[in-house]
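Hi,

Here is the structure I promised to pass on. Have a look at it first, and my notes on what turned up follow below.

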Amino acid sequence: DFIVTSEGKAAYTLSNGCLINDSDKSFALFANSNTTFGISRVNFENFYVDAKSAGNAAFVLARGDRKVNVEAVSLKNISLKSDFGSKYTGLLVGASGTLAGSVGVTVSNVKGDKLLIVSESTENVGGLVGYSETAVSLNQSNIDIEVFRNRASEITDGTSSVVAGLVGTSIARGYGLQDTISINVSAVDVHDASSIVGGLVGFGAGSTMDFVMTKSVVTGSVNVYSKKNDPGYARERVLMGGLVGCWSIQSGTSNFNVLEDSVVLDVFLSGAASKLGYVGGLLGYADALGSSDFKMNFENVSFNGKVYSEDSQLEKVYAGGILGGFVASKDAILSMESVRINALVSNDGLMSNIFMGGMAGLIEDVSDLKITKSYAWGLDDNLLYAKASGGTDISYYVGGIVGFLNKARSSEISNAFARGAIAVYGGKNNGAS
């Protein structure tokens, strides 16, 4: 094992440093670890890191192949920059791998203040962890972080980009308990096939995965923007959510639980020209097409903010106060209980099909849907605003609670209501609901 800690009563402090990389190798204070790595009771203040094109770019650990523990650590005024060519970028860990004995990344009682990542990384950018094949746990931590990803407009390769405030891509379990998180996540002029952006987690994919967030507070904003109707931007799809951009279960069993949390933020999409856009206050898009047992549960959760897209050209857009779209199969269960939404869900641009709901834009092929003791209340009494311009063959599916519900074998909506103006403008309404 490799442990970094203070031996005295007071935490050890490292301050006023500058780290600059001059190679394409992994780069951080500690480059690689294939043994248990721990750091505790250490304060870092006023550091600037220019990782350039490091394969794995980080401030603390570039790559960890076994257990990583970060406990009672303070990070203040830390800036990390990585260039095009960096594969995984994260402030604490660039990438977490899967050598035998790997059990995950644990972040406990960590305070982060004025943290900044500016990256042109080609694949995964996460505020704390860029990419993880192991379970990531965040407990009783207070994080204030800004993540900004930019790609030069002339780059038009076929890759997909993932950006998030805490974990870029995870193919393992993720947990959060009693955390206070302030995030500002932005993806700008990203010329990739797809853009996936989440406030906490960008992309979760795999089998036998769980996401659990309990008794936490999240504030800030999640933004994706480009030049108006830029034809090179995210040509296939944009998936973005206040907590998670995309959650995709390929096989096995999984649970997605958001319990007793408060979320106050805006989710904003501007200038994209894509086939599909999924925008959700908490979750952009989820599917369980290969799962035999998938349960998604939102309970005693509040969301306050705006979920909106403008100046975009989208063939289809799915938007909701909780989730943009959920497509399942077999035995998927979706439950919302005691969910409180105070939001404006808005779309304004060149669009052919609009699916909007106070809680969800699209719910498809679930075995059991239950929405109880919940409401969607519009900001300033304005709940839904849909405006499509530039075309005549436009379909609207707009509902105070759910925009479009398809193939739910069992559904119950009880003791639930929506309040606020619902406005639809533009085009020829074919199939308006």
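Four strands, β16 (136-139), β19 (167-170), β20 (174-177) and β24 (210-214), each put at least two residues into the lining of the largest cavity. Strands here are DSSP runs of E with at least two residues, numbered from the N terminus. Before going on: this is a predicted model, so local features need pLDDT of at least 70 and side-chain atom pairs count only at pLDDT 80 or more, while totals for chains, interfaces and linings use all residues. Residues are numbered from 1 along each chain as its sequence is written, and side-chain values use heavy atoms, with hydrogens and water left out.

Back to that cavity, meaning a set of points on a 1 Å grid over the protein atoms alone where a 1.4 Å probe fits but cannot get out, with lining residues having an atom within 4 Å of a point. Searching the whole structure gives one cavity of 30 Å³ or more, and the largest holds about 250 Å³ of space, a volume being the space filled by probe spheres set on the points, which are joined across faces, edges and corners. It is lined by 22 residues, and Leu138, Leu166, Val167, Tyr175 and Val201 are the closest to its centre. The lining splits into 16 nonpolar, four polar and two charged residues (nonpolar: Ala, Val, Leu, Ile, Met, Phe, Trp, Tyr, Cys and Pro; charged: Asp, Glu, Lys and Arg; polar: the others, Gly among them).

Next, the salt bridges (a side-chain nitrogen of Lys or Arg within 4 Å of a carboxyl oxygen of Asp or Glu): there are five. One of them joins Arg419 and Asp381, with the closest N and O atoms 3.9 Å apart. That pair links distant parts of the chain, 38 residues apart, from strand β38 (residues 411-425) to strand β35 (residues 368-388). Another is Asp83 with Lys81, at 2.6 Å.

Then there are the aromatic rings. Rings of Phe, Tyr and Trp (its six-membered ring) pair if their centres lie within 6.5 Å; planes under 30 degrees apart are stacked, over 60 edge-to-face and the rest tilted. That rule gives 21 pairs. Phe256 and Phe298 have ring centres 6.1 Å apart and planes at 55°, so they are tilted. Phe256 is buried at 2% relative accessibility and Phe298 at 0% (buried is under 20% relative accessible area, exposed over 50%, partly exposed in between, with a 1.4 Å probe and protein chains only). Finally, Tyr278, Tyr285, Tyr318, Phe355, Tyr397 and Phe404 make up one aromatic cluster.

Cheers

Key:
On a 1 Å grid over the protein atoms alone, a cavity is a set of points where a 1.4 Å probe fits but cannot get out, and a pocket is an open set with protein on both sides within 12 Å along at least five of seven lines; lining residues have an atom within 4 Å of a point.
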